[in-house]
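Dear colleague,

I am passing on to you the structure we spoke about, and below it I have set out what was found when it was examined. Please read the notes with the structure open beside you.

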Amino acid sequence: MLHPAAAADRLGTESAFEVLARAGELERQGKSIINLGIGQPDFATPDNIVEAAIKALRDGHHGYTPANGIPPLREAVARELEKRAGAPLDPDRVLIVPGGKVTMFFAITLFGEPGAEIIYPNPGFPIYESLIHYSGATPVALPLREENGFGFSADELLALITPKTRLIIINSPANPTGGVTSKTEMDKLAAGLENHPQVAVLSDEIYSRLLYGDAQHASLLAYPGLRERTVLLDGWSKTYAMTGWRLGYSYWPKEMIPRATRLAINSHSCVNASAQWAGIEALQGPQDAVARMCQAFDARRKVVVAGLNALPGVSCIEPKGAFYAFPNISATGRPAKQLELGLLEEAGVATIAGSSFGKEGEGYLRLSYANSLENIELALQRMADFLSR
Ligand code: PLP
């Protein structure tokens with residue numbers, strides 16, 4: 001009998017990967033499955049980025065790189081983030097990581113420990129809560145509400161802060177809801193945090209370039225008073241359709257950089273060299289592929305929302321960002337997990353139960369509309385048939 005660390009059993013999971021595995025199994029059995037479960041663009045990485053990676057390999061970039069990332073990439077990220085910050089940023093505070101998730105792991109384990117509290121959005125990306133438990137800190141849920149368009153309320157967030165609060169996690173545009181928090185709420189949060197100088201913020205901005213209609217991204221880096229305590233999480237996965245490349249970036253408070261870099265040296269040493277060169281091309285090359293993907297997502301978003309609102313017992317507010325719809329399914333009379341299972345096993349549509357994103361997600365379902373219009377329409381038809389059975 002082995003004796004693993006207690007922390008190992010406190011880790012949660014991301015059920016999108018479990019649903020992905022089950023959908024694959026059903027497909028291998030010959031069933032037709034439309035996957036609206038996993039959150040990844042259905043586009044290929046743009047050619048200019050792929051070519052940059054191939055060139056880097058041909059040019060001999062085969063060895064270890066600096067643990068924090070190659071200097072020209074950190075420069076390129078600093079210049080990119082300056083657009084959000086509206087102020088000069090320091091490339092030495094940029095850390096290149098193998099995927100956005102790694103920034104989450106670093107920030108939560110560098111601030112979390114028994115006795116500390118960490119505030120996180122609920123429903124929210126499930127890894128936040130999982131890692132807070134892993135670190136030994138106490139998770140404090142910030143409920144996100146449908147009536148607020150699933151943006152957070154700064155007043156509600158500030159009221160959760162105690163002397164034990166070490167870190168606050170915010171995510172806009174948000175997974176799983178597509179909610180976007182307004183600049184007015186961000187201003188209020190920034191002003192309120194002035195009374196809590198010991199509190200750091202992890203701002204997960206991985207969907208910052210996926211916005212629709214008149215939605216605007218309000219970055220936490222734009223607040224000079226917060227820049228010394230903000231960990232900004234972003235990366236290439238969603239914006240450039242690069243989920244499988246495992247490439248992300250973060251911007252850290254100066255005093256945290258040596259700690260975060262040491263954690264990188266202790267875990268992955270550095271990020272795949274050719275992927276880093278491709279990352280430069282992504283940021284500095286033409287951006288028309290990003291615009292095209294956004295337009296395609298926007299068209300699908302409208303079809304998804306209209307289709308969901310036509311289903312019996314289902315209502316869906318308009319998501320303003322990311323590529324998720326988060327319909328309210330409480331009037332179907334079925335718990336979210338039961339609906340997820342029924343849709344997958346009986347209707348051939350993979351979705352994720354809202355309850356997989358925290359307690360406050362019960363009564364909702366997450367659908368990723370990063371799939372073709374044709375598949376989305378077919379999925380909606382299958383859902384309509386299933387719900388009217
Ligand atoms: N943050 C949020 C809110 C996400 O939804 C995801 C991925 O689904 C990530 C971070 C992680 O992205 P990556 O694939 O780059 O690790």
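In which hand, left-handed or right-handed, does α4 cross α5? Bearing in mind throughout that this is a predicted model, the answer is that the crossing of α4 past α5 is right-handed. The residues that make this contact are Lys101, Met104, Phe105, Ile108 and Thr109 on the α4 side, and Ile127, Tyr128, Leu131, Ile132, Tyr134 and Ser135 on the α5 side. Sorted by class, the contact between α4 and α5 consists of eight nonpolar residues, two polar ones and one charged one. As for the geometry, two packed helices are described by the angle between their axes and by the distance between those axes. Here helix α4, residues 100-111, packs on helix α5, residues 126-135, at an angle of about 35°, and the axes lie 9 Å apart.

If neighbours within four places in sequence are left aside, the contacts of Ile169 are with Ile108, Ile118, Ile119, Tyr120, Pro121, Tyr128, Ile132 and Leu202.

Not counting residues up to four places away in sequence, Phe106 touches Leu95, Trp252, Ala260, Leu263, Ala264, Ser267 and His268. Between Phe106 and Thr261 there are 155 residues of separation in sequence, yet their C-alpha atoms are 9.6 Å apart in space.

That brings us to helix α8, residues 257-267, in which Ile257, Ala260, Thr261 and Ala264 are buried. Viewed down the axis of α8, these buried residues fall within an arc of 100°, and they therefore line one face of the helix. The partners against which the buried residues of α8 pack are β2, residues 94-97, and α4. On the other side of α8, by contrast, Arg262 and Asn266 are exposed. Just after the helix α8, Ser269 adopts a positive phi of about 65°.

How values were computed
Residues numbered from 1 in each chain as written. Predicted model: local features only at pLDDT ≥ 70, side-chain atom pairs only at ≥ 80, totals over all residues. Heavy atoms only, no water. Axes fitted to C-alpha atoms, helices over the stretch in contact; angles between N-to-C directions. Helix = DSSP H or I, 4+ residues; strand = E, 2+ residues; numbered from the N terminus. Left-handed = near helix turned anticlockwise from the far one by under 90°. Contact = heavy atoms within 4.5 Å. Nonpolar A, V, L, I, M, F, W, Y, C, P; charged D, E, K, R; others polar. Buried < 20%, exposed > 50% of the residue type's maximum accessible area, 1.4 Å probe, protein only. Arc of directions from axis to C-beta.
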